Amino acid sequence: MRLLWRLFRRDWHARAWRTLLYAVTIAIAALTAVGLLASRMERLLAFEANSLLAADAVIVADHPVPEAFARMAATRGLQQAALTTFPSMARKGESAALASVKAATPAYPLRGQLKIAPQGQVGAVPQPGEMVVDARLAALLDAQSGDAVQVGNLNLKLAAILEREPDGALDFSGTQPRLLINAADLPASGLLGFGSRARYRLLVAGTPAQISAWIAEVKPKLGRGERLEDAREARPEIKAALERAERFLRLSALVAGSLAAVAMLLAARRYATRRFDEVAILRALGATRKRIAGLLFGQLLLLIALASVLGGLLGWGAEAALITLVRDRLPANVPLPDWRAWLLAATLGSALLLGGAGPMLHALSRTPPLRVLRRELTPPASVWLLWCTLALATAGLLWLLAGEVKLALIAGGGMLGALLLAGGAGLLILLGVRRFAPGGTAGLAARQVLRRKALAFAQLGALAAGLLGVWLLTVVESDLLSAWKSRMSGDVPNHFAINIQPDQQEKLAALFAGQGLARPVLQPMIRGRWMLHNGQPVDPARYPDDRARRLAEREFNLSWGDALRKDNRLVAGSPLDESKPGLSVEDGIAKTLGIRLGDRLAFDVAGTRVEAPVVNLRAVEWDSFRVNFFVTASRALLADQPASLITSFNLPPQNRGLVPQLVRTLPNVTVIDVGQILGEVQRVLDLASAALRLVFFFCIAAGIAVLWAALDATESERTREAAVMRALGASARRLRRVWLAESLLLGGVAGGVAGVMASLTGWLVGREVLQLAIAFNLWLPLLSCIIGALVSAVAALRRLSRLAHTPPVDLLRDEG
Amino acid sequence: MAQRLGKTVSTEYHSLDILHEISFDLPAGATLAVVGASGSGKSTLLALLAGLDTPSRGDVHLAGQALGALDEDGRAQLRADLTGFVFQSFQLLPDLTALENVMLPLELIPRPGRSRSAMLQKARDWLERVGLGDRLEHTPRQLSGGEQQRVALARAFAPGPQILFADEPTGSLDSATGERVANLLFELNRATGTTLILVTHDEKLAARCDWRLRLEAGRLSEFVRVVA
């Protein structure tokens, strides 16, 4: 152990060892920072999404929520509120309208806020004897603050007009205007009798740990008609945005991890090369191979331990610094990150190191003891075995981080492609230079590089990989992020209007025109109950998945015409033929409900059975905020069915007057404000941008590690070469010119290939993984070629100028 | 003892006999100089005798143990138990101090009852014996060639080997320094009773050994006891 420690301590002075430590530390730091940030972001967004529930967790039931659940919440010190919602008629004088009554206990809402018109001040549950209604109900009843409104047996004073309730967006299917009363008034209302269609909710809030514990306790005890509500599941827009942000982060972590792996491999090679003599002596002195391997791997484990601590601290510090920087854009109560991210990062970093350095150290332990007498002997090491091991370790990491095969394949393929292409193309170019310009400095430089083809190949590949990572993180990610941002800004719809009757189209258009807004695009919406799946009656109880059961229970919104929109993408099957009956199903719901291409589905639409085969499956960009449907049909199937119309539109703040106007003119139309959800998605985007800036620095650091290690890889050979050339009379100037030509060639070729690969990978990731269309960046290859050549030349010359001026005898002594 | 020792190296086109039918028997405690022209196979013979390389034919017995019966790790164990080495290029680990270099073989093969403080003391004693008691914490870079070779001698003798192999031990040193190192080598050898097998070009050095083995083009041309 002491010997191990002494060797480990001594290694601190070796540059290759420091490069190895640096690469592992950077990998662990990057993965830790990304992991911590992703976990914090997830918790934060879950918390934010909870404001859409008005709570951290909600039990919803079709009967009063059993007392036991409230008691469990009380035992854990959770805040509680109760809601009862049901439809009822509201009257004021001669006017009457069907309203959705919500009776709330005073603690409601536990998360988010009630907003009161006209200025959006924070409101509260009305006092007993009072009520608040939304603008639509006020318009329908022609009521104003202070008026008396009757609901059931109650005659309540209208205290204020409700502008927004936090959980309003979740009641997407609710078409009735809102009436909010205090739960204390409910018993006297006489509205809740046997058979009333009421929904009961128990809302709870507390720390994440308390909530998780409560959910775990409650979940197995849920009875018939009782379930836990999940905001993210209810709003696919937020889920989609969150998933896309996570993919961005994962992609960045992938790049940092892969780069670090390349750096590790190069540094391990150099480290091993420098230790051949030492191992030969130890073996000559009688150390067995097992003992040597034990010493080498022991040192590796100490290195991993050190890198894990350093990387963990660095990652943790960087993440904490980022959160401090963007604090003003975050809610006051920022959740803590999940520390297990560090554990995972350390494990992944170790796997990469073992993959990259393991084979080299194994080979090192097999150094023949005869090397003490014959220095030319080296251990039998297969370069291909090394590359394969590293490729496997990296592939494992990519897959684990990406969480999906396609992203892993594209990122990994891009990296591997860059390595091979840069290596191959570089060798070809160098061969060309050697052939066509044999006499000049460039020719001499090409000959020097080509004497070590395998090393030149690896060096070119590593340089290209380093630059590719940097480009992916700078130019390409910023292109992708801009594409996403541009989609989420400007005219993204923030309102939906549903239940529009076909004969109201012109009136609606006139209202929009009156506000100077474009004519809305209307889409038919037909409600249908799913009856048969391949001729078999649909039985919700058959689905083991809770979500699938609920989907199967409810009515579907169907639509037709212009079905395959811009933000829908066909993933299987063929486009709908409008003249034949056919259905198109969103692929997510198809998976949940077990619907396959070619299956026959039958719906009951207002008493008529409509049936057709599934002709295609499509992916929907839910975060586009445009009208989308789980199931659409061909014109031939649904055109004759009774339909209402639906539209989504962007309402700028100055045109807010349209909503009350619209409700008054077309009282049957329901307008739903999704601005809050849009805000959530934009917050995800903001956080993702901030997070990317953090990861970017790690990727640059990893890229530098690769460049450093790639240039280091040939140092022994350079020293020997410099000694011989100097001894043979080459001037320092001549040596510098040869090296300059050599590094310009290497860097330029690697840079050019990295540029092409980065543009291509970015274009592919945008298209296939993130569904964001970006153009192929044509300038990048040229820019990359120039920067690659310059970086390589500056780095090489800085390092080599020492060699050019050192007397040959000293160089030979150094080398020995 | 070497028995009909031979080494053949095969290349793509032909095979080359580097050593051919070498047999000799050296008594314990004796000193042997292996001499011959460059390329005559001296270093190859040393490597085979020390178990650093394996012969194509024949076998080597060290202190009664046949090397041919051992695998690589078995030979390593035997080297640790029986042998010590001194090389032309010293082969000290550049980042370890003189004291750490001498301790290396002691630490590498832990023996029951040998504590760390005992190892440390032993290494110090040996460095004192070679006249470097005041250079314990110096690294090889801070030592002259002669001093480095003296550290190498201390390292070779510290574990108490039965057989010491030396490959051109004065080959990298000037004649005066080489003389001093050679004196020290023979003095320590006499004091410890170690068997010494020495490869050298230096006839004066060879003449100080009890026995001389001469190789010519891989063949044994002479194995004689030198009468002083």
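User: Which residues are in contact with A:Ala263, leaving aside its neighbours within four places in sequence?

Analyst: Two residues are in contact if their C-beta atoms, placed from the backbone, lie within 7 Å. In this predicted model, local features need pLDDT of at least 70 and side-chain atom pairs count only at pLDDT 80 or more, while totals for chains, interfaces and linings use all residues. Residues are numbered from 1 along each chain as its sequence is written, and chains are lettered from A, with ligands numbered from 1, in the order in which they are written. Beyond those sequence neighbours, A:Ala263 is in contact with A:Thr19, A:Ala23, A:Ala702, A:Ala705, A:Val706 and A:Ala709.

User: Why does B:Leu184 count as buried?

Analyst: A residue is buried if 20 or more other C-beta atoms lie within 10 Å of its own, exposed if 12 or fewer, and partly exposed in between. B:Leu184 counts as buried because it has 20 C-beta neighbours inside 10 Å. Apart from residues within four places in sequence, its contacts are B:Val130, B:Arg150 and B:Leu153, and its C-alpha lies 9.3 Å from that of B:Arg129, which is 55 residues away in sequence.

User: How many residues does each chain give to the contact between chains A and B?

Analyst: Chain B gives 25 residues and chain A gives 20. On the side of chain B that touches chain A, there are 13 nonpolar residues (Ala, Val, Leu, Ile, Met, Phe, Trp, Tyr, Cys and Pro), 9 charged ones (Asp, Glu, Lys and Arg) and 3 polar ones (the others, Gly among them).
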